[in-house]
Amino acid sequence: MNPEASLAHLSAEQLRELAARLMGEVRHKQATIDKLTHENATLKRLTFAAGREHFNAEQRSLLEDTLDADLEAVQAELQQLNPAPPATDKGIPKRKPLPAHLPRQEFRHEPESMLCACGCQMKRIGEDVSEKLDHQPGVFTVERHVRGKWACARCERLVQAPVAPHLIDNGIPTAGLLAQVLVAKHADHTPLYRQEGIYARCGVDLPRSSMAQWVGACGVQLQPLVDALKAEMLTHRGLHADETPVPMLDPGGGKTHRAYLWSYCTGQFEDSRIVVYDFAGSRAGKHAVAFLGDWRGALVCDDYSGYEALLAQGVTEAGCLAHARRKFYDLWANNRSQIAEEALGYFGKLYDMERDVQPLDPVARQRIRQELARPVADALHTWLVLHRQKVPDGSATAKAIDYSLGRWTALVRYLDDGALPADNNWAENRIRPIALGRTNWLFAGSLRAGKRAAAVMSLIQSAKLNDIDPWHYLRDVMERLPTQPAARIAELLPHRWTQPSTE
């Protein structure tokens with residue numbers, strides 16, 4: 001059949017109906033094409049590009065280190081080819097002095113002879129001092145404890161100083177060595193087999209099997225401290241939550257399946273900075289319910305259905321403005337969408353105000369949010385509703401708008417509570433060190449191993465949150481823990497711990 005001949009027999013009304021139907025099909029197909037194009041562009045950007053949303057500080061640091069090394073190498077080669085005249089002090093940046101607490105080994109350099117060529121004895125009129133920073137691989141020392149035995153010849157009484165309590169009795173590691181193994185494994189993401197090789201180069205044989213036993217014993221001994229940390233965290237009415245997948249070995253199957261590490265932490269405006277990790281075999285919401293128990297407060301989280309059970313039990317949902325913004329950022333990054341650019345302008349104004357109210361107290365923060373941020377949020381909501389009517393269903397733009405509109409109440413809840421943040425970036429930053437270390441972990445050997453790692457990482461990351469060196473913290477805690485009364489365990493929590501005096 002000739003399509004042109006068949007169209008010739010259609011009436012005007014039939015032609016209008018046909019045109020309307022075809023235009024609807026074209027709009028639907030174009031929306032599908034736009035959606036697939038957007039998804040393809042997003043995948044390409046994630047794979048090949050270093051987008052702002054995924055180019056984190058650690059990656060940027062590695063790039064800058066490489067660039068600095070290359071620039072220095074090129075400069076050295078140029079200097080060899082064309083030696084420059086000695087530079088004057090003017091224009092040369094001043095180098096920071098080396099830390100005063102570092103031990104110093106002094107080397108004296110004097111002329112071979114103090115006699116001048118004329119025969120006179122030269123006098124010392126001063127000296128020039130320069131310092132260079134040296135490094136040697138980890139230095140091991142041995143603590144040799146000598147416990148003298150004293151006996152009375154008359155009454156045959158034997159006296160000897162008791163053995164000081166240790167976290168691991170009858171073992172060779174001190175608290176300092178245990179802290180080193182734990183920090184290297186859970187903060188620096190160095191597996192035990194790599195640590196074994198590192199220590200061997202220092203001349204010390206530490207089998208990974210022995211270190212694994214130490215890690216297991218430390219996990220058990222530190223668990224009461226983690227329980228106390230969790231109990232104190234649950235006294236706060238505002239918490240963040242996030243989760244990240246971690247492969248876990250499937251016993252008997254020889255394969256791994258996806259387990260999850262859940263992160264819970266106090267808000268960025270809280271005085272007590274606490275993060276507690278929970279390792280679970282899945283991403284099911286029951287794990288969040290079991291962890292939080294009877295806690296009822298405002299939970300800052302992303303749009304994950306696993307938190308719905310918590311909300312049904314009375315937990316208040318606070319949305320993540322960054323997640324909503326990210327939908328439009330992807331649209332703009334992929335095809336420079338004008339609609340996305342306008343939306344980003346609204347989000348930018350809201351975040352500009354958040355930066356201004358960061359240092360304020362909750363009351364002042366809430367007042368300024370109501371006065372300045374609320375009108376912008378209302379204008380954004382009106383803008384979203386109007387533009388949703390103009391974009392076809394199923395398109396990437398429609399999905400971005402629907403995400404914000406569907407969660408609008410949770411997204412703007414921070415405007416009514418000065419103690420709540422605008423997004424969940426605080427929790428995402430707490431989970432990022434774990435995500436960065438996954439490539440070194442390979443997998444969690446078991447659910448028990450995952451929970452033990454989560455407990456140790458809770459203490460390490462909480463210490464770092466409070467600007468405490470985790471090695472110093474763990475060493476001191478593991479020295480004091482064997483004699484610390486259970487009623488005073490809270491004194492050892494990272495946000496309450498104080499560096500012991502060295503005097």
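Is E110 buried, exposed or partly exposed? At 42% relative accessibility, E110 counts as partly exposed, where buried means under 20% relative accessible area, exposed over 50% and partly exposed in between, with a 1.4 Å probe and protein chains only. The views below come from a predicted model, in which local features need pLDDT of at least 70 and side-chain atom pairs count only at pLDDT 80 or more, whereas totals for chains, interfaces and linings use all residues. Residues are numbered from 1 along each chain as its sequence is written, and side-chain values use heavy atoms, with hydrogens and water left out.

**View 1. The whole chain, with its helices, strands and surface.** The secondary structure comes to 16 helices and seven strands, taken as DSSP runs numbered from the N terminus, with helices being H or I of at least four residues and strands E of at least two. Of the 503 residues in the chain, 37% are buried. Among contacts in the chain with a separation of 6 or more, 64% are accounted for by residues 24 or more positions apart, a contact being heavy atoms within 4.5 Å. The chain exposes about 31,700 Å², of which carbon and sulfur atoms supply 54%; accessible areas come from the Shrake-Rupley method with a 1.4 Å probe, and for residues only the protein chains shown count as cover.

**View 2. A network of salt bridges that links E106, R108, E110, R124 and E127.** By the rule used here, a salt bridge is a side-chain nitrogen of Lys or Arg within 4 Å of a carboxyl oxygen of Asp or Glu, and the count comes to 21 salt bridges. R108 is paired with E106, their closest N and O atoms being 3.0 Å apart; R108 is exposed, with a relative accessible area of 55%, and E106 is likewise exposed, at 62%. R124 and E110 also meet through their side chains in a salt bridge, at 3.0 Å from N to O. Both R124 and E110 lie in the loop between helix 3 (57–81) and strand 1 (149–151), so the pair ties together parts that are 14 residues apart in sequence. R124 counts as exposed at 53% relative accessibility.

**View 3. The salt bridge between the side chains of R388 and D402.** The N to O distance in this pair is 2.7 Å. R388 is buried, with a relative accessible area of 18%, whereas D402 counts as partly exposed at 37% relative accessibility.

View 4. I460 is buried, with a relative accessible area of 0%. Its neighbours within four places in sequence left aside, I460 is in contact with L182, V183, H186, A187, P470 and L474. The C-alpha atoms of I460 and V183 are separated by 7.4 Å, although these residues are 277 residues apart along the chain.

**View 5. The second largest pocket and its lining.** On a 1 Å grid over the protein atoms alone, a pocket is an open set of points with protein on both sides within 12 Å along at least five of seven lines, a cavity is a set of points where a 1.4 Å probe fits but cannot get out, and lining residues have an atom within 4 Å of a point. Grid points are joined across faces, edges and corners, and a volume is the space filled by probe spheres set on the points. About 1,200 Å³ of space lies in the second largest pocket. It is lined by 39 residues, of which E143, I172, P173, T174 and L177 are the closest to its centre. Helix 4 (175–186), helix 5 (192–201) and helix 16 (470–480) each supply at least two residues of this lining, and helix 4 gives the most, with six. By class, the lining has 23 nonpolar, eleven polar and five charged residues, where Ala, Val, Leu, Ile, Met, Phe, Trp, Tyr, Cys and Pro count as nonpolar, Asp, Glu, Lys and Arg as charged, and the others, Gly among them, as polar.

**View 6. The largest cavity and its lining.** The structure holds one cavity of 30 Å³ or more, and about 40 Å³ of space lies in the largest cavity. Its lining is made up of G238, L239, H240, G267, E270, A298, V300, A419, L420 and P421. Strand 3 (238–250) and strand 6 (298–300) each supply at least two lining residues, with strand 3 giving the most, three residues. By class, the lining of this cavity has six nonpolar, three polar and one charged residues.
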